[in-house]
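Colleague: I would like to learn how to read a structure like this one. Please take the features in turn, with the general idea before the case.

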Amino acid sequence: SESELSVSDFLSVASYSWEEDEGRDAPLQKSLHQPSAHKGAAGMSGEGNDGNKAAQHNGVKHRTFLPAPMFSRNDVSVWSILKKCIGMELSKIAMPVIFNEPLSFLQRITEYMEHTYLIHQANAATDSIERMKCVAAFAVSAVASQWERTGKPFNPLLGETYELIREDLGFRWVSEQVSHHPPISAFHAEGLREDFVFHGSIYPKLKFWGKSIEAEPKGTITLELPKYNESYTWTNPTCCVHNIIVGQLWIEQYGNVEVINHKTGERCNMTFKPCGLFGKELHKVEGYIQDKSKKKLCAIYGKWTECLYTVDPANFDAHKKTDKKTAEEKKSNKEPQSNVDEESEEKPPPDAETVQVIPGSELIWKIAPRPENSAKFYAFSTFAMQLNELDKSMKGVLPPTDSRLRPDIRAMENGEIDLASTEKKRLEEKQRTARKNRSKSTEEWKIRWFQQGSNPHNKAQDWLCTKGYWDRNYTHLPDIY
């Protein structure tokens, strides 16, 4: 395979990383889509703000579990595959389908929208700092779905699409795999009341460090609030999956995320803390909202797996100094440890204490608890469980390129692993053949619903939606499945 892995910025690195040319090249494209009446695909989950409550939407009760539980991965050795590929590009490594989860990467990135209520809260705030708090919380919540998600999403085929309309959450979403080399997934979401636009593209860079795989996010994410004529941009933190070879897989996010309000010049600089040797900083996020002169207006802290708070920056700085002094005192009272466990990465660090709330803090986001059956179903939230739901009424509306119609993902969801593996290989070969046929002719691949252009807010090159998808003109779409 010539494919380059595409792992989501926001998706687990392990998940999008290893798949061989997952059929990404097949002549295809098909657009995602759903009826304007907001049926079927529209509002698939029907949950409330927390995204985890079973709900009935437009008379359809949406599922709260998958058709079949996940298979055990204990009997499959990643090392038996990787040891034959030392020195090769990571994209050349084909991982068994057992390491996948039954979602396409296009569906996985749709989980950005699970906490759309934060955008609505930003729209309701009359103060720009209050809006920044909500947007910063939305940026953090976008990576929360990766917690404990060590399954790899299926690499989208070139031209694959996915749509989701959620009346209850007030948005519609469309995404398309616009490039195979490098793999690029473009997405566009908008409020059903035209109260926001959220768009971007993802093309992560992957690094294999022996025991871990690291995904460095590439691509800018943009949120526009027309009511205030404001636009915000940011990039996601780096995602790392540990214990690829042996041990229990665990995920951490680290790096700096800067959310910029291009109208006011205000910024929110947040640091996703690396785990550290003893896991003390695991999952922690902290930073400041600053005005255009870099004066600290507000502090933000919490964990991307749990919650996020804001507090006065003076209180936050004082709390940090006290914490540091206490830690140093404890350290000086302990016996020096001469031997540091060099194999500490072999097991995930112990859970650190829950977030210590500083007096005077304001809670701006809290993750919804996952359903009781989550561990049985790939650590999915209810929102994730319903992304691949396919109601009979949707089949006549969705374009043939929609991720819900992929036979390999559908087979895996139904617990038919052998069929999923066979179908995955068939789609990969079909895509490769289509690419070769195009190279022998003057035919060029046509991207259907997005076009490359300059992001008006930061002048960077981006993939922008052409708006044609929702016109429902799906004629002459390629057969990618």
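Modeller: Start with contact, which means heavy atoms within 4.5 Å. Phenylalanine 198 touches Tyr112, Met113, Phe138, Trp173, Phe187, His188, Ala189, Ile221, Thr222, Leu223 and Trp234, not counting residues up to four places away in sequence. This is a predicted model, in which local features need pLDDT of at least 70, side-chain atom pairs count only at pLDDT 80 or more, and totals for chains, interfaces and linings use all residues. Residues are numbered from 1 along each chain as its sequence is written, and side-chain values use heavy atoms, with hydrogens and water left out.

Colleague: How many helices and strands does the protein chain have?

Modeller: Helices (H or I, at least four residues) and strands (E, at least two) are DSSP runs, numbered from the N terminus. Here the protein chain has 10 helices and 21 strands. Among its contacts between residues at least 6 apart in sequence, 69% join residues at least 24 apart.

Colleague: What share of the 481 residues counts as buried?

Modeller: Buried means under 20% relative accessible area, exposed over 50%, and partly exposed in between, with a 1.4 Å probe and protein chains only. Of the 481 residues of the protein chain, 58% count as buried. Accessible areas come from the Shrake-Rupley method with a 1.4 Å probe; for residues, only the protein chains shown count as cover. The accessible surface of the protein chain is about 20,400 Å², and 50% of that belongs to carbon and sulfur atoms.

Colleague: Is threonine 310 buried or exposed?

Modeller: Threonine 310, in strand S18 (residues 307–311), has a relative accessible area of 2%, so it is buried. Leaving aside neighbours within four places in sequence, threonine 310 is in contact with Lys133, Cys298, Ala299, Ile300, Gly360, Ser361, Glu362 and Ile364.

Colleague: Which class does aspartate 317 fall in: buried, exposed or partly exposed?

Modeller: Aspartate 317 lies in helix H6 (residues 313–332). It is partly exposed because its relative accessible area is 26%. With neighbours within four places in sequence left aside, aspartate 317 is in contact with Tyr288 and Lys296. Aspartate 317 and alanine 299 are 18 residues apart in sequence and 8.7 Å apart in space, C-alpha to C-alpha.

Colleague: Which residues have the most contacts inside the largest nonpolar core?

Modeller: A nonpolar core is a set of buried Ala, Val, Leu, Ile, Met, Phe, Trp, Tyr and Cys residues joined through side-chain atoms within 4.5 Å. The largest one has 70 residues, and those with the most contacts inside it are Trp173, Phe198, Trp234 and Val259. Helix H5 gives the largest share of this core, 12 residues. Apart from it lies another core of 13 residues, among them Ile165, Val178, Ala186 and Phe450.

Colleague: How are two packed helices described?

Modeller: They are described by the angle between their axes and the distance between the axes. Axes are lines fitted to C-alpha atoms, for helices over the stretch in contact, and angles run from 0 to 180 degrees between N-to-C directions. Angles under 35 degrees count as roughly parallel, over 145 as roughly antiparallel, 65 to 115 as roughly perpendicular and the rest as oblique. The axes of H4 and H5 come within 8 Å and cross at roughly 170 degrees, so H4 and H5 are roughly antiparallel to each other. On the H4 side the contact is made by Leu118, Ile119, Gln121 and Ala122, and on the H5 side by Arg131, Cys134, Val135, Ala137, Phe138 and Ser141.

Colleague: What do the buried residues of H4 pack against?

Modeller: The buried residues of helix H4 (residues 117–124) are Tyr117, Leu118, Ile119, Ala122 and Asn123. They pack against helix H5 (128–144), strand S11 (221–225) and strand S19 (362–366).

Colleague: What should I look for in the backbone of the loops?

Modeller: One item is the peptide bond from histidine 181 to proline 182, which is cis, with omega near -5 degrees. Proline 182 is found in the loop between strand S6 (171–179) and strand S7 (184–191). Another is phi of alanine 379, near 65 degrees, a positive value in a residue other than glycine. Alanine 379 lies in the loop between S19 and H7 and counts as buried because its relative accessibility is 10%.
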